[in-house]
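Please consider the structure shown here with attention to its charged side chains. The explanation after it is meant for a reader who meets this structure for the first time.

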Amino acid sequence: MNINIQKETLEKPLSQIIGVVEKRQTLPILGNVYLELNQSVLTLVGSDLETEITTKVENVEGSDGKTTVSARKLYDICRSLPNESQLSLIIEQDNKMIVKAGKSRFTLQTLGADNYPRLEETHWKNEFTLEQNQLNSLLTRTSFSMAQQDVRYFLNGLLIEIHNDHILSVATDGHRLAKTQVMVAPLGIEQVQSIVPRKAVIEIGKFLDANSDAPVSVKLNASHISIQSGNFMFISKLIDGRFPDYEKVIPANLDKHIIINRENLINILSRAAILSNEKFRGVSLSVDNNVLQVRSHNPDQEHAKDEMEVSYTGEAIEIGFNVNYLLEALKACDSENIDLGLLDPNTSCTFHAEESSDTLYLIMPMRL
C-alpha cells in the first residue's frame with residue numbers, strides 16, 4: 001500500500017478525527033487512525049469505542065490497502081510541513097510506514113487494520129434530515145450548559161427531543177439550563193428523547209457550518225446516533241438514562257420582566273467580573289426605576305459598580321448570580337434585546353430574546 005497526497009488534503013480529515021482519538025487508551029490501537037485506500041478513495045477512521053468519525057477523500061493516487069498508524073504523530077507531521085507539500089506514505093513489510101515530503105523522511109510504527117475496532121452500524125429506528133445551520137443552532141445555543149463529570153451521568157450530555165414538527169435541545173448542569181428549538185417539516189415521528197454525550201456534541205459541532213444550509217442526515221435508535229454530511233460520518237453511543245423533566249424547573253410565575261440591551265449587559269457584566277470572587281464568581285444585579293446596577297466584590301475588599309438603562313417600572317429587586325453563567329448564556333443568545341424574568345432573590349431567573357421565546361435560559365440565584 002502507498003498513498004500520494006497533498007499535505008492540506010490529508011491534514012483536514014486528520015484534524016476532524018483527532019478529537020476522538022484518546023491520548024491515553026487501554027488499547028494501543030485506539031491511538032491510531034485507520035487508513036484504507038480503495039479505488040482512489042481514502043477512508044480515515046478515528047474511534048474511542050464510544051464515538052467514531054469516518055471521513056473520505058476522493059481522487060487519491062496510490063495502491064490499494066489498509067493500515068493503522070498513530071493519529072497524533074501523523075497529524076503533527078502534516079502540520080509541521082510547508083504548505084502544498086506532496087506527501088508519500090509507503091507501508092513496508094516490517095509494520096513500518098515511511099512518510100516522505102521533499103527532503104523530510106519519517107518512519108512510523110503501524111498496527112494491523114484488521115484489529116481496528118469499529119462501531120457497528122445497527123438498525124436505525126428514526127431517520128430525518130436537517131440543514132447544517134439548524135443542527136448547529138441546536139448545539140451551540142445549549143451545549144455550554146452541559147455538566148462535566150457529574151455523578152448524575154445523564155447530565156453529562158445534551159438532550160435531543162424530536163417531535164413531528166420541531167426539534168428541541170436541552171442541557172443542564174443542575175445550576176443552569178438552556179433550551180432551544182428549531183421548526184422542521186413534518187417528520188412523521190412520535191416524540192423521541194436521546195441524550196448525546198458531551199464529547200460527541202463537541203466533535204459534531206466542529207464540522208458544522210453555522211451559515212450553511214447543506215443537508216445533514218440524522219439517524220437514531222435506542223443506543224446510537226449517526227450524523228452524516230457529504231464525506232463526513234459520525235457515530236456515537238447515547239447515554240443510557242432518563243433526563244430530568246426540564247419543564248418542571250422553569251418557573252411559570254415570574255412577574256417582573258426587564259427589557260435589556262444584550263450587548264450592553266455583556267459589557268458591564270464583563271467589567272464587574274474583573275473584581276468578583278475568583279472562586280464563586282458572584283455578581284449582584286439590582287433594578288429600580290429603569291436602571292440596572294451591577295456590583296461585585298472580592299476577599300481583598302475590592303469593589304466594582306456599574307449601571308445601565310433598562311426598560312422596567314416594577315418593584316425594586318436585588319439578586320445574585322454566577323457571572324460566568326450569565327455571560328455564557330448571553331453570548332449564545334442571538335438577539336439585540338433580551339427579556340429577563342424575575343420573581344424574588346430566591347427564585348431562578350429566565351431570559352430569552354425579546355421577540356421570541358424559542359431559546360430560553362434559566363439560571364439559579366446565589367447568595368452573596
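The model is predicted. Side chains of opposite charge can pair when their charged atoms come close. In this structure, 12 salt bridges are present. One of them joins Arg 118 to Glu 52, with 3.3 Å between the closest N and O atoms. This pair connects distant parts of the chain, 66 residues apart: Glu 52 belongs to strand 4 (residues 51-57), while Arg 118 sits in the loop between strand 9 (104-111) and strand 10 (126-131). Glu 52 counts as buried, because its relative accessibility is 2% and buried means under 20%. Arg 118, at 39% relative accessibility, counts as partly exposed.

Another salt bridge is formed by Arg 176 and Asp 173, whose closest N and O atoms are 3.2 Å apart. Arg 176 is buried, at a relative accessible area of 8%, and Asp 173 is likewise buried, at 10%. Lys 256 and Asp 255 also meet through their side chains in a salt bridge, at 3.3 Å from N to O. Here Lys 256 counts as buried at 12% relative accessibility, whereas Asp 255 counts as exposed at 53%.

Asp 334 is located in the loop between helix 7 (323-332) and strand 23 (337-342). With a relative accessible area of 65%, Asp 334 is exposed, because exposed means over 50%.

Methods
Residues are numbered from 1 along each chain as its sequence is written. This is a predicted model: local features need pLDDT of at least 70, side-chain atom pairs count only at pLDDT 80 or more; totals for chains, interfaces and linings use all residues. Side-chain values use heavy atoms; hydrogens and water are left out. Helices (H or I, at least four residues) and strands (E, at least two) are DSSP runs, numbered from the N terminus. Buried means under 20% relative accessible area, exposed over 50%, partly exposed in between (1.4 Å probe, protein chains only). A salt bridge is a side-chain nitrogen of Lys or Arg within 4 Å of a carboxyl oxygen of Asp or Glu.
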